[in-house]
Amino acid sequence: MADYREYTERETDKKCPNCGATVKYDPALGMMHCEYCGYSCQLPKADTENVVCEMDFDAAVNTESCEWGAEKKSVECKNCGAVSIYDALETAAICPFCGSTHVMPAATDKTIAPGGVCPFEVTKEQAGESFTKWLKRKWFTPRKAKKNARPEAFQGVYLPYWTYDAQTTSDFTGRAGYNHTVRDRDGKTRTETTWRSVSGVYQEFIDDETVMASKRHEESGVKKCEPFKLSRLVPYNPKYLAGFVAERYSIGLKEGWEMAQTTIHQKLKSHIEDYIKSHWHSDKASGVRFSTLYSNITYKYILVPAWVSSFQYKDKTYQFAVNGQTCKVGGKAPVSAFRVILAVLIGIGIIVGIYFLAR
């Protein structure tokens with residue numbers, strides 16, 4: 001673990017060979033770039049032998065959840081000697097005094113290193129533009145609140161995610177329904193359903209069921225700016241973190257798998273209903289009950305890109321996130337009760353006006 005941290009710190013504090021400034025990863029260029037002299041260099045591209053590998057779930061260690069949100073760490077910049085205080089969940093940071101990029105020492109050794117990363121493809125300016133357009137469409141948001149939201153305050157963050165693969169085998173019972181038309185004595189028709197009990201075994205391979213491994217962003221809008229393009233996933237390289245913050249997971253591997261099973265169960269129920277309709281040529285499926293056996297479970301610990309920000313309005317904090325690949329915005333904007341009431345009154349007035357015009 002120590003070797004991993006030293007390697008990450010060494011790779012994310014590279015100096016420009018021309019002017020000596022810190023080289024950072026530029027999402028617009030897709031390469032390392034010096035903003036002072038313009039020096040750029042490509043990152044090595046992944047080949048067929050250098051892919052993000054699935055890890056065996058049963059053989060994994062350090063699977064417990066790690067709640068580090070309340071801890072703080074002091075970090076000394078190796079470039080200028082300044083000491084800064086950061087949240088213990090942050091693993092990459094920028095020195096506020098000289099701009100040097102470095103990695104925070106691990107808060108604990110019980111940490112799984114990331115195996116893959118989806119690099120930023122959206123710049124801070126593009127994220128700000130998308131956020132501004134999104135906020136303008138919020139008609140019920142007060143004008144003062146919109147002024148408090150500063151798109152330039154976005155911080156690029158790599159968020160932790162677990163992905164799970166598994167083979168599922170489900171024993172199920174249910175009912176297949178067949179619709180038919182019935183005519184009553186008055187000549188009117190109605191649809192009735194005849195039900196038939198069915199049972200069987202349904203198998204499906206689950207590929208990349210994702211779980212956000214952070215409890216800090218439950219209200220930040222990250223879920224609303226999903227999905228992320230996991231097809232762009234590349235093997236972890238510390239250079240992608242240069243100039244950004246990366247957060248460690250606070251939801252452990254096993255806890256994440258329990259969360260994933262809840263979502264998988266809901267999906268399997270829908271898929272089994274579709275299977276019943278298809279296999280028994282029925283119109284409906286109902287009363288599905290099943291138990292699932294999971295086998296060949298594998299996982300990946302990955303980092304995905306997001307631009308996050310927040311602002312204060314009437315003593316309440318509103319958090320937002322912009323997908324670092326697609327510019328999709330997520331978050332909850334403040335709502336003006338006055339504007340809502342005004343819109344309702346206008347709507348009632350329009351309906352009343354149409355009614356009298358129709359008469």
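This is a predicted model: local features need pLDDT of at least 70, side-chain atom pairs count only at pLDDT 80 or more; totals for chains, interfaces and linings use all residues.
User: Why is Thr163 called buried?

Analyst: Buried means under 20% relative accessible area. Thr163 has 0% relative accessibility, so Thr163 counts as buried. You'll find Thr163 in strand 10, residues 155-183. Leaving aside neighbours within four places in sequence, Thr163 is in contact with residues including Asp208, Leu230, Tyr299 and Lys300.

User: And what makes Lys332 buried or exposed?

Analyst: The cut-off for exposed is over 50%. Lys332 comes in at 57% relative accessibility, so Lys332 counts as exposed. Lys332 sits in the loop between strand 16 (329-331) and helix 5. Not counting residues up to four places away in sequence, Lys332 touches Trp134, Tyr318, Gln319 and Phe320.

User: What about Phe356, and which patch is Phe356 part of?

Analyst: Phe356 is in helix 5, residues 337-358. With 57% relative accessibility set against the cut-off of over 50%, Phe356 counts as exposed. Phe356 belongs to a nonpolar surface patch with Ile341, Val344, Leu345, Ile348, Val352 and Tyr355. Together these residues have about 700 Å² of accessible area.

User: Cys34 has a cysteine nearby in the model, I think. How do you know whether there is a bond between Cys34 and Cys19?

Analyst: The sulfur atoms would have to be within 2.5 Å. The closest cysteine sulfur to that of Cys34 is in Cys19, at 3.5 Å, so that is too far for a bond. Cys41 is in no disulfide either, as the nearest cysteine sulfur, that of Cys16, is 8.9 Å away. The count of disulfides comes to 0.

User: What are the burial labels for Cys34 and Cys41?

Analyst: Cys34 has 0% relative accessibility, so Cys34 counts as buried. Cys41 has a relative accessible area of 26%, which puts Cys41 in the partly exposed class. That class runs between the 20% and 50% cut-offs.

User: How do you know that strand 10 and strand 11 pair?

Analyst: Two strands need at least two bridges between them to count as paired. Strand 10 and strand 11 (residues 189-212) are joined by 22 bridges and run antiparallel, so they pass the test set by that cut-off. One example is Asn179, whose bridge partner in strand 11 is Thr193. The two strands form a hairpin with 5 residues between them, and Gly187 in the turn has a positive phi of about 85°.

User: Why are strand 1 and strand 3 called edge strands?

Analyst: The open sheet has 3 strands in the order 1-2-3, with antiparallel pairing. Strand 1 (24-26) and strand 3 (40-41) each pair on one side only, and that is what makes them edges. Strand 1 is joined to strand 2 (residues 31-33) by 3 bridges. In strand 2, Met31 is the bridge partner of Asp26.

User: What makes Lys300 and Asp208 a salt bridge?

Analyst: The nitrogen and oxygen must be within 4 Å. In Lys300 and Asp208 the closest N and O atoms are 2.7 Å apart, and the pair forms a salt bridge. This pair links distant parts of the chain, with Lys300 in strand 14 (residues 284-313) and Asp208 in strand 11, 92 residues apart. At 6% relative accessibility, Lys300 counts as buried, whereas Asp208 is partly exposed at 25%.

User: Lys277 and Asp274 meet at 3.8 Å, so why does that pair count as a salt bridge?

Analyst: The limit is 4 Å, and the N to O distance of 3.8 Å falls within that limit, so the pair counts. Lys277 and Asp274 are separated by about one helical turn, because they are 3 residues apart in helix 4 (residues 253-279). Salt bridges that share partners also join Glu54, Asp208 and Lys300 into one network.

User: How many salt bridges does a search of the whole structure find?

Analyst: The search finds 9. One of them joins the side chains of Glu192 and Arg190, at 2.8 Å from N to O.

How values were computed
Residues are numbered from 1 along each chain as its sequence is written. Side-chain values use heavy atoms; hydrogens and water are left out. Patches are made of residues with over 30% relative accessible area and no salt bridge: like charges are joined within 9 Å, nonpolar side chains (Val, Leu, Ile, Met, Phe, Trp, Tyr) within 5 Å. Accessible areas come from the Shrake-Rupley method with a 1.4 Å probe; for residues, only the protein chains shown count as cover. Helices (H or I, at least four residues) and strands (E, at least two) are DSSP runs, numbered from the N terminus. Buried means under 20% relative accessible area, exposed over 50%, partly exposed in between (1.4 Å probe, protein chains only). Contact means heavy atoms within 4.5 Å.
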